[in-house]
Every structure is written in structure tokens, then in C-alpha cells.
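My entries follow the structure.

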Amino acid sequence: MQLMEQRRADPQDDLVSVMVNCLVDGEPLTDDEVIVNIYGFILAGDHTSRLAMVSALLEFARRPEQWRALKEARVSQSTAIDEILRWSTPVMHIGRTARADVHLGGQLIRAGDLVTAWTIAANRDESVFPVPGDFDLARKPNKHLSLGHGPHYCLGAYLGRAEITAVLNTLVNTVDSIEQTGEPQAVYSTFLRGYSSLPLALTGRPKALER
């Protein structure tokens, strides 16, 4: 609330300034609307990337051949990031309102109907992803929907990729092996997917290989 008042009085080049000073249908957003949107951005920008990387670390421990392929640069980071996003799918579903009547999967969805689109199911679609149950860092093409699509493409997609890239670079440059030492604890949520706890042992690179 304090930040909102500051940005109303002295707008800066940031997202909060835009939200507190914009007009929607000629009216400013209410305080509650701004707070809900700010919370949404915090949730999207912090939780999702973190959950994706924790899931990736679990798979690196379970599938050391994939970890070695990444570490030895036999797969590119760009394809690895897309597979991490597909595999983890931190946001399991999204809600949409149909704008027109449409037949989908033998069902009629009418204009105005509320629809739940299950991203996690789309990211395991056998007609789009060969052997979707494999965690394959070299997977290409990889048309996952973890970042949305079209006009609803994630506003923080570039930030999320940058965060995951930074973690991967640090792991590749400092860690030799990853071992799971305990059972992961799943996030208690019907919306977010991932782990709140993951016991791991990370073995550092031998000194002779450090640059």
C-alpha cells in the first residue's frame, strides 16, 4: 500500500506505477485490484521458476545421463529450458471464458462458458510430444504451453527463462554430480505443481577442472 501511494504521487518506470495510474474503461483500478495484480506477478515471477528448477534437479538426480548431456554441452540450454518447463508445468491449469461457440473434443462450449484448460495434460499430449513420459533435454520441437499461448503468453516469460538459465549455468559450472538423499515433499496446491522440499547432495567439480 505504501509503494502504491508513492507511485501515485511520483510515478517511476515500473509496473506498479503503470497499474496505479492507468485507466480501464475510463476508471482507475481500485486498491484491491492493484494488490491482486501485484500478487499475481509475484506468484508468477517467483514461485513458477523456482518450482521448475526444483523439478529439474530431481530429474537430474534420477536421470544422470540427462545431467551429463547438459553438463557436457551435448544438448543446448535453450532446448533444456523448454523441456524443463514442459516437464515441470508449474501452473497446472488456467481459466478462460469462451468468446464464441466452439466444438472441441466432441463437446459444445458456448460463448460465455467458463473453461478450465489443463496445461499439465496438454504438455503430455501424445499427438504433440513423442514419448511424453520421457524427460528429454534434447526434445525439439517442443511446443509446450507452460508459458501460455497467443495474447495470454506469459508477460514474465523472458524473466523466467533468464532465472532458469542463471541456475543452470551455476550448476554446470560448479557441480559435478547430483544425488537424491530423501523423499521430496510436494507443494500442497490444486494450482501449482512442484516440491516445497527436495533433499539433495551436490558434489562440486574437481579443482583441476575449475576455470
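Which residue just after helix 4 takes a positive phi? I found that Ala73 does, at about 60°.

I noted that this is a predicted model, in which local features need pLDDT of at least 70, side-chain atom pairs count only at pLDDT 80 or more, and totals for chains, interfaces and linings use all residues. Residues are numbered from 1 along each chain as its sequence is written, and side-chain values use heavy atoms, with hydrogens and water left out.

Entry: helix packing. I looked up helix 4 (residues 64–71) and helix 7 (residues 157–174), whose axes come within 10 Å and cross at roughly 95°. Helices are DSSP runs of H or I of at least four residues, and strands are E runs of at least two. Axes are lines fitted to C-alpha atoms, for helices over the stretch in contact, with angles from 0 to 180 degrees between N-to-C directions. Trp67, Leu70 and Lys71 of helix 4 meet Leu168, Leu171 and Val172 of helix 7 in this contact (heavy atoms within 4.5 Å).

Entry: burial. I recorded Gln66, Trp67, Ala69, Leu70 and Lys71 of helix 4 as buried (under 20% relative accessible area, 1.4 Å probe, protein chains only). Their cover includes helix 3 (31–62), helix 5 (77–88), helix 7 and strand 7 (175–180).

How values were computed. Buried means under 20% relative accessible area, exposed over 50%, partly exposed in between (1.4 Å probe, protein chains only).
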